[in-house]
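Biologist: Can you walk me through this one? I'd like to start with backbone angles and then move on to a helix.

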Amino acid sequence: MSAPPPPSPDTASSLSLETIDLGEVTALLVSFPAGQPANGQRLAAVAAALPNGAPSHVVLNLAAVEQVAGPFFGELLKLMKQLRSSGGSLRLCELRQPIYDVMRVTRMERLFDVYPSREAAYSNLTSAAVPNAPRGPPL
């Protein structure tokens, strides 16, 4: 693992950014802090914090997220589109059941690659985006 990219002031106190070297590609692991809602503002800060040449594959670890607030899913879609337009991918992992249930009810789970663990999200990650990756509730 290499040093994380420098976070912007908006993300420094609220998110954990870690660059993960997977050999052929590099991924950025983004983790939300425990006890704070995941809101659209924090997610927009993630997109803004990605410097040029940053890893185009982002694994968004939502293990500590108990609730989502504001336009979180809209910002999630924007981030996914931004990454895909550059040949990258967005993978969600370690979702708590209530968050996954919201995604299921709104049919958002069909749009995102959801994995039960970080390791599963890293699996088979190559330099090309992985369309139609496994989806489903975390186990």
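Biologist: Is Glu-94 buried, partly exposed or exposed?
Modeller: This is a predicted model, where local features need pLDDT of at least 70, side-chain atom pairs count only at pLDDT 80 or more, and totals for chains, interfaces and linings use all residues. Residues are numbered from 1 along each chain as its sequence is written, and side-chain values use heavy atoms, leaving out hydrogens and water. Buried means under 20% relative accessible area, exposed over 50%, and partly exposed in between (1.4 Å probe, protein chains only). At 23% relative accessibility, Glu-94 counts as partly exposed.

Biologist: What is the phi of Glu-94?
Modeller: Most residues other than glycine have a negative phi. Glu-94 sits in the loop between β6 and α4; helices (H or I, at least four residues) and strands (E, at least two) are DSSP runs, numbered from the N terminus. Although Glu-94 isn't a glycine, its phi is positive, about 55°.

Biologist: And where is Arg-107, and what is its relative accessible area?
Modeller: Arg-107 isn't a glycine either, yet it has a positive phi of about 65°. You'll find Arg-107 in the loop between α4 and β7. It is exposed, with a relative accessible area of 53%.

Biologist: Which residues of helix α4 are buried, and what arc do they cover?
Modeller: In α4 (residues 97–105), the buried ones are Ile-99, Tyr-100 and Met-103. They're on the same side of α4 because, going by the directions from the helix axis to the C-beta atoms, they cover an arc of only 95°.
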